[in-house]
Amino acid sequence: MSNTKESIVLKYDDMGIPSIMLKVENTAKTPEEADRMFFVRGVEYDSIYLSQFVNCIRNGRAYSLPAVDPAVRINFDEAIATCKRKGRGWHLLTWAEWKYIREHTIPDIHGNTSFGKYHNDETEVGIADVVGLVWKMIAGLRLKSGVIQYMPDNDAAAPDADLSISSEEFQEVHVDDLPFPDPVRIGANEDGELVITTDKEKVDGWAGGMRSETYVNLTEVPQILKDLGIITDDMKENSEWLSADADLEETIPFVGGSCNDTSDAGPSALDLDSGRSIVWTNLGFFSACLGEPVRR
C-alpha cells in the first residue's frame, strides 16, 4: 500500500513567484512506514515538492513552468545556487527524489527523444520532461575516481548539505561487511566494457552503452545500488543508457536522456562520466522543495 498522496500545486518561493510542482505528501502512520525520501538528516518531513517541468531561470532563480525553454549551458554548482536562492527548503533534485520519480513513472512512457518528437512515433510532439528533452543533473550521488558514493536518505536536500568536490558527507557502497572492505566501483574493464565490481584492478577509464551490456561482477547486489538507479531488476533486458568514467576525480549524475538519445533515453538512463564544471546545450535540471517537519 502506498504511503504517499500526490497533487499538482503552485509552490511559491520567498519572493512570491510560483512554480508548478508535484506535491508528494507523506501519509505514513509511523516513521518506519515512510519513504526514506522524506528523511533529511534524521528529520521526517510531511511532504516534498517536485518540479513538473525542467526548470527555466528568471533573475537567477529556478522555476518549474510550462511552455518555456529549459535552462541549459549551466554547470552543477550554478544549478544548485539557482535552487537555493528561492528560499527555505528549495534545492536541486536529489537521487532519492529521482528514485521516487523513476519508480512512479508510467511504464514505457515516451518523451522528447528526437528533437521535439518521440523517436518511434513522430506524431507525438511537444513531449517532456522526465524522459528526454534534456539530461537532468541530480545531487547526492557521484563517482570519486570510479568509486560509487552517495548521501544517505535525502540528506542531499539539507540546506547545509556539502555537495562540493571535497565533501566528506558522502558514503561508499560496500558489499562485504568486513573491517576494511573494498568499495564498489564502476568503469571500463580491460576489454572496454562497463563493469560494476569491487576489484579496483579491473576498473580503468570510460565505458558506456545499453544497461544490458553492463557486466555486474559482485557476489551480491546491495539494495542501495538499486535505490541509486545504478543497477535495475531488468538489467539484462534494459536498453537504456549507463556510462561511467573511472579516470575522473569526480563525476556527477545526469538522468533521463535528452532530445537526441532515442532508445537510450528513459527513466533509468544514467550518465556518470562528466565533471561538475561541464555545460551542455542538452543538460538542465529540476528543483525541489521540502515541506515541514512531521509532528506525530
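Author: Two strands are said to pair if DSSP finds at least two bridges between them, where strands (E, at least two residues) and helices (H or I, at least four residues) are DSSP runs numbered from the N terminus. The model is predicted, so local features need pLDDT of at least 70 and side-chain atom pairs count only at pLDDT 80 or more, while totals for chains, interfaces and linings use all residues. Residues are numbered from 1 along each chain as its sequence is written, and side-chain values use heavy atoms, leaving out hydrogens and water.

With that in hand, strand β15 (residues 185–188) pairs with strand β16 (residues 194–197) in the antiparallel sense, over four bridges. Arg185 stands opposite Thr197 in β16, and among the five residues between the strands of this hairpin, Gly192 takes a positive phi near 80 degrees.

A nonpolar core is a set of buried Ala, Val, Leu, Ile, Met, Phe, Trp, Tyr and Cys residues joined through side-chain atoms within 4.5 Å; buried means under 20% relative accessible area, exposed over 50%, and partly exposed in between, with a 1.4 Å probe and protein chains only. In soluble globular proteins, nonpolar side chains tend to be buried together. The largest nonpolar core here has 72 residues, and those with the most contacts inside it include Ile148, Ile186 and Leu228. Helix α2 gives the most to this core, with five residues. If contact means heavy atoms within 4.5 Å, then Ile148 touches, among others, Arg142, Val184, Ile186 and Leu228, not counting residues up to four places away in sequence.

Turning to the rings, those of Phe, Tyr and Trp (its six-membered ring) pair if their centres lie within 6.5 Å, and planes under 30 degrees apart count as stacked, over 60 as edge-to-face and the rest as tilted. There are two aromatic pairs in the structure. Trp95 and Tyr150 form an edge-to-face pair, 6.3 Å centre to centre with 85 degrees between the planes. This pair links distant parts of the chain, 55 residues apart, since Trp95 is in helix α2 (residues 95–104) and Tyr150 in strand β13 (residues 147–150). Phe254 and Trp280 also form an edge-to-face pair, at 5.3 Å centre to centre and 70 degrees. Phe254 counts as buried because its relative accessibility is 0%, whereas Trp280 counts as partly exposed because its value is 24%.
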